[in-house]
Amino acid sequence: MCGIVGYIGNNAVADELLNGLKNLEYRGYDSAGIALNDNKKIAVFKASGKLANLKAVLHEKNAKNCSSFMGIGHIRWATHGAPTIENAHPHLSNDGNLVLVHNGIIENYKELRQKLQNHGVLFHSQTDTEAAVHLFAEEYKKCGSLEKAVRNALPQLKGAFAFVIMHHAEPDKIIAVRKNAPLIIGCGKGENYVVSDIPALLGKVSRIIHLNDDEMAVVKKDEVIVKDINGQIIQKELEKVDMVADVISKNGYAHFMLKEICEQPSILRKVMQAHVQKQKICLDDAKIVVDFAQVQKIVIVACGTSLHAAMVAKKVWEEWLQFPVQIEAASEFIYQTNLLDEHSLVIGVSQSGETADTITALKLAQKYKAQIMVLTNRIDSSIVRYASSVVPLNAGVEISVAATKSYMAQLAAFYWLGLLMAQKLNKISHDDWQQKLQSLIQLPEKIEEVLSHQDNINLIAQKLADYPAVVFMARGFNLPTAYEAALKLKEISYINANAYPAGELKHGPIALLDENMPVLALFEKGETAPKLLSNCEEAKARHAPVIGIGGAKCSDIFDAYIETPEIEACFSPLLLCVPVQLLAYFTAKALNCEIDQPRNLAKSVTVE
Ligand code: F6R
């Protein structure tokens, strides 16, 4: 969950590390730190909170005057131990010579800690990571080689890790090693980097090496040698960085979140151009090896926003394919009885492709010999290794912690897949297929219309910001949109937002309603609309302010209304997610919240 940067080369090391960490801040911002290996000693600088605090520390301590050619840096999302300076990385061995940064979780850290303490090793933090640094240091004492020490220590570590390690006595190399956590080597001329994710390399290098599990890289200024766990050299291919620096710029928008919301029509257009050729669906960039005719069960596993996209897929696919689809929160799937076999298709959905819960669920599905497909925005991510079929989302890098454009891309991928399956299984007539295709083609324009109503949405948000809690309700295809709306609002504005099937309100939650509890209702075309309107009347009768979203305004009872262009009910989740994203954005803005980096969160959750 944390971000790691290592640098070796002739540039100002602290600046290189800070620059890389800045572009990884979406991975965590509880604390930050760097370590520089200068001629005299390893110098460690840390601060709790965001990178700006670390910058102040570096300035105060004149860190940039350190004559160093290599260093490592870290940005933390706290798992074990509060976000204090003691718990911040890098962690240093007691002799002050070995230093490391870590992303992941050492599961057996308590046993290791006990064992090391029994040998007299002193601990200074509450982290799981500290057990690793002392373990490496003890191994170093025995063999006097960093590479060997790391290799000897690795079998003693359980869990997930990406480590970048330096030793004061070996000032020509950084060691990088990983298992179940991402690590990429950026290869330059006379300089090399080790990072958790590509944004940290943008504008720096154009060639990279993806490190795999149980691989170790010895990174020097002029060479990178990758070895397996036994020390055998592995020939790795240099890959080209295919990301442009533009993705990490706000391009004039106040926040990445607003930029990413506004990118949605162009993402859909791009995906559409790639997917529809000569009136046929060609998911050319996807690798799909599933024989849909043989599939007897579909299960979709995901977390958070991705889970909401899966919920939409269930509703749409069940209608289009007349086939039962099961949805599971990945974190629950792992601990329940799952009736799977080789005729089951298990689909994992993950923007980051690094979500530990989703990956663990897929590993479990593998054990049942289920066919596995993943939908991910990062085809270079860990999740891809567990699937035979891979559908890229093509949303581009998402920097804002709150997912928006990746949700849209996930929905779009599910709709395209649904059409593909309907076609392959002969579940759709030609006319119906044409009509559905038209609905998808018209979608970007409709989203643009919603985006043009930002002023109205902003006005409503200013009022919403005054309430401590709100309720979203919906019926039909947009119940998942209501869940997503509530998640978006609470994660960035900290307003307590809950979502319910509108018909469920009268079975309990209606007790919450009074003039201090706004109710937001998501309308779609069809038989659910009049029922939902009755639920709005019920809320109004309890003096709750009622805000309607969707279609043309169908009554005067609303205190405010956000109109959206007309669209067939089954496609409306693709449209209605946009006003609720904007509503969350403007409400958080009215409350002066840290929109792109909400408290306690990080972009990818690589711990279970
Ligand atoms: C909310 C959000 C999270 C993620 C969840 C899964 O805005 O972003 O709920 O959706 O952590 O992440 P991925 O999709 O990367 O597996």
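Reader: Let me start with one residue. Which residue in β20 stands opposite V346?

Author: That's I372: V346 stands opposite I372 in β20. Bear in mind that this is a predicted model.

Reader: What makes β19 and β20 a pair?

Author: Two strands count as a pair if at least two bridges are found between them. Strand β19 (residues 344-350) and strand β20 (residues 371-376) have 6 bridges, so by that cut-off they are a pair. The sense of their pairing is parallel.

Reader: Which other strands join them, and in what order?

Author: The open sheet has 5 strands, running β18-β17-β19-β20-β21, with parallel pairing. As for what holds such things together, strands of a sheet pair through backbone hydrogen bonds, either parallel or antiparallel.

Reader: Why do β18 and β21 stand at the edges?

Author: Because β18 (325-329) and β21 (389-392) each have a single partner strand, which leaves one side of each without a neighbour in the sheet. From one strand to the next, the twist averages 20 degrees.

Reader: Which strands does helix α8 lie across, and which does α11 lie across?

Author: Helix α8 (residues 304-321) lies across β17 (297-302), β18 and β19, at about 170 degrees to β18. Helix α11 (residues 405-424) lies across β17, β19, β20 and β21, and its angle to β20 is about 140 degrees.

Reader: Let's zoom out. How do you know whether the overall size agrees with a compact globule?

Author: A compact globule of 608 residues would have a radius of gyration near 25 Å, and the protein has 26 Å, so the two agree. Along its principal axes, the C-alpha trace spans about 75 × 55 × 45 Å. Counting elements, there are 16 helices and 26 strands.

Reader: What makes a space a cavity, and what makes it a pocket?

Author: In a cavity a 1.4 Å probe fits but cannot get out, whereas a pocket is an open set of points. Strand β6 (residues 98-106) gives the largest share of the lining, 3 residues.

Reader: What kinds of residue line that cavity?

Author: The lining of the largest cavity divides into 9 polar, 4 nonpolar and 2 charged residues. Gly counts as polar under this scheme.

Reader: And the largest pocket: what is its volume, and what lines it?

Author: Its volume is about 760 Å³. The lining has 34 residues, with D242, M243, N377, N394 and G396 nearest the centre. β11 (207-210), β14 (239-240), α7 (264-275) and β21 each give two or more residues, and α7 gives the most, with 3. By class, this lining has 15 nonpolar, 12 charged and 7 polar residues.

Reader: Which elements supply at least two residues of the lining of the second largest pocket?

Author: Those are α8, β19, α10 (356-367), α11 and α14 (479-493). The second largest pocket has a volume of about 520 Å³. Among its 27 lining residues, C303, G304, T305, K603 and V605 lie nearest the centre.

How values were computed:
Residues numbered from 1 in each chain as written. Predicted model: local features only at pLDDT ≥ 70, side-chain atom pairs only at ≥ 80, totals over all residues. Heavy atoms only, no water. Helix = DSSP H or I, 4+ residues; strand = E, 2+ residues; numbered from the N terminus. Axes fitted to C-alpha atoms, helices over the stretch in contact; angles between N-to-C directions. Contact = heavy atoms within 4.5 Å. Rg over C-alpha atoms; globule rule 2.2 N^0.38 Å. 1 Å grid on protein atoms, 1.4 Å probe; cavity = no way out; pocket = protein on both sides within 12 Å on 5 of 7 lines; lining within 4 Å. Points joined across faces, edges and corners; volume = space filled by probe spheres on them.
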